[in-house]
Amino acid sequence: MNQYDLIVVGSGPAGRRAAIQAAKLDKKVLVIEKGSRVGGVSVHTGTIPSKTMRETALNLSGWRERGFYGQSYRVKQEISAEDLRQRLLITLNHEVEVLEHQFARNRVQHVRGKASFLAPDTLQITKDDGEVMHVLGKSILLAVGTRPFRPDYMPFDGKTVIDSDELLQMERLPRSLVVIGAGVIGIEYATIFSALDTAVTLIDPKSTMLDFIDKEIVEDFTYQLRDRNMKLLLGQKAEKVEHTPEGKVSITLDSGRTIVTEMVLFAAGRMGATDTLNLAAAGLEADSRGRLSVNPETFETSVPGIFAAGDVIGFPSLASTSMEQGRIAARVAVGAIGMEPQKYFPYGIYAVPEISTCGLTEEEMKERGIPYECGIARFRETSRGHIMGLDTGLLKLIFSLKTRRLLGVHIVGEGATELVHIGQAVLNLKGTVEYFVENTFNYPTLAEAYKIAGLDAWNRMGDIKNRNEAIK
């Protein structure tokens with residue numbers, strides 16, 4: 001039986017980062033991937049495909065230029081599903097080639113097959129041709145990711161009622177789309193299709209959405225969606241979904257309302273892909289959604305030597321945080337010095353417009369009783385915003401009145417997921433409002449919004465009375 005220092009099940013962001021980290025520490029590493037190619041959900045059905053589709057939609061539709069040229073402006077008049085797929089295939093092939101090269105360069109072994117536990121330190125690998133092999137691991141990391149939640153009452157057919165995986169294989173762009181589920185995935189796809197001029201209706205039983213995002217940012221985001229005629233039916237539940245004789249789909253809501261649409265995307269949650277792992281043999285048990293519990297500092301499960309990272313452990317379910325979780329878990333697993341996870345990480349939502357946030361929200365500041373002041377900047381206040389034709393976009397900074405430190409940065413608008421890293425760095429390095437007031441930003445840039453927001457807060461907070469005391 002082959003023995004390894006670390007066996008990684010899954011080659012998504014958490015799995016590949018863990019494998020390469022362990023290999024760089026001169027450990028013998030095996031990656032088991034059940035898919036036809038390495039990369040996991042992130043590369044093949046999740047992060048990369050959805051963001052590639054978004055970029056293609058914005059480019060071909062001329063969305064970013066409509067502020068100047070009007071709502072009728074198009075780069076390509078007739079956009080097809082094939083147009084979206086062409087760029088997607090090129091991007092996926094590149095991602096897989098890069099990953100395979102990383103594995104080869106770092107001497108990470110990988111095998112295609114389905115893994116299941118025989119014992120806490122032993123896995124069985126079943127290949128597509130039926131061949132079975134057993135491997136022994138000093139440590140094992142489960143980075144199997146998630147798959148779409150598909151309830152029995154939803155009449156999935158792969159064409160008119162689909163999940164987020166099936167969306168990538170659609171044959172044509174619908175003229176109307178109902179998205180059930182106002183989570184991150186549902187909102188991202190709903191806004192992408194809205195940018196393609198599909199009539200989109202978003203349904204969710206909760207009366208609010210994106211509750212972990214600063215409320216003022218969500219309000220601004222919601223206004224933008226309604227302003228472009230997206231229908232937001234929050235606080236209403238889809239009780240019945242059925243096909244019509246005309247080939248469409250009828251949705252009956254608990255409010256009594258009926259909606260007829262060409263296509264339904266069900267995006268209400270995901271399930272941890274743990275059901276085929278035979279967790280019982282390892283002494284592990286998943287929750288009702290297939291997720292595993294771990295120590296938040298080491299990512300070790302309740303069974304010593306077995307770790308889990310990425311979407312399979314739940315929130316925040318980001319590719320970026322999954323990578324760090326995998327790296328930290330690998331270091332702990334092979335006995336290297338562990339690193340405590342960063343307290344504040346950026347959260348990016350690739351909707352149209354983008355949302356990105358890092359640190360505390362205004363609601364959290366109130367809950368913790370921290371005296372604070374906010375600074376606001378709108379992208380239209382910057383020269384770069386004028387050049388780009390931006391009518392919308394907002395950056396919000398939250399500072400402690402006592403220490404003057406930045407405690408939260410929240411952005412909605414063009415380039416939000418890039419801009420947030422300035423605030424993230426200042427926040428984690430314990431910078432104050434003076435950083436934004438006294439530093440020079442390139443002109444013209446959207447990053448100037450930081451200086452505008454910093455000055456907005458500083459004007460109300462006042463200058464430092466005793467600069468030397470503040471430095472101490």
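## Exercises on burial and charge pairing

At 24% relative accessibility, R64 counts as partly exposed, where buried means under 20% relative accessible area, exposed over 50%, and partly exposed in between (1.4 Å probe, protein chains only). The model is predicted, so that local features need pLDDT of at least 70 and side-chain atom pairs count only at pLDDT 80 or more, while totals for chains, interfaces and linings use all residues. Residues are numbered from 1 along each chain as its sequence is written, and side-chain values use heavy atoms, with hydrogens and water left out.

**Exercise 1.** Determine which residue forms a salt bridge with R64, and state the class of accessibility of that residue.

*Solution.* Begin with the criterion: a salt bridge is a side-chain nitrogen of Lys or Arg within 4 Å of a carboxyl oxygen of Asp or Glu. The partner of R64 is E55, and the closest N and O atoms of this pair are 3.4 Å apart. The relative accessible area of E55 is 26%, which places E55 in the partly exposed class. As background, side chains of opposite charge can pair when their charged atoms come close.

**Exercise 2.** Classify the two residues of the salt bridge between K76 and D83 as buried, partly exposed or exposed.

*Solution.* First, the side chains of K76 and D83 meet at 3.1 Å, N to O. Next, K76 has a relative accessible area of 32% and is therefore partly exposed. Finally, D83 has a relative accessible area of 15%, so D83 is buried.

**Exercise 3.** Carry out the corresponding analysis for K206 and D211.

*Solution.* The closest N and O atoms of the salt bridge between K206 and D211 are 2.7 Å apart. K206, at 45% relative accessibility, counts as partly exposed, and D211, with a relative accessible area of 48%, is partly exposed as well.
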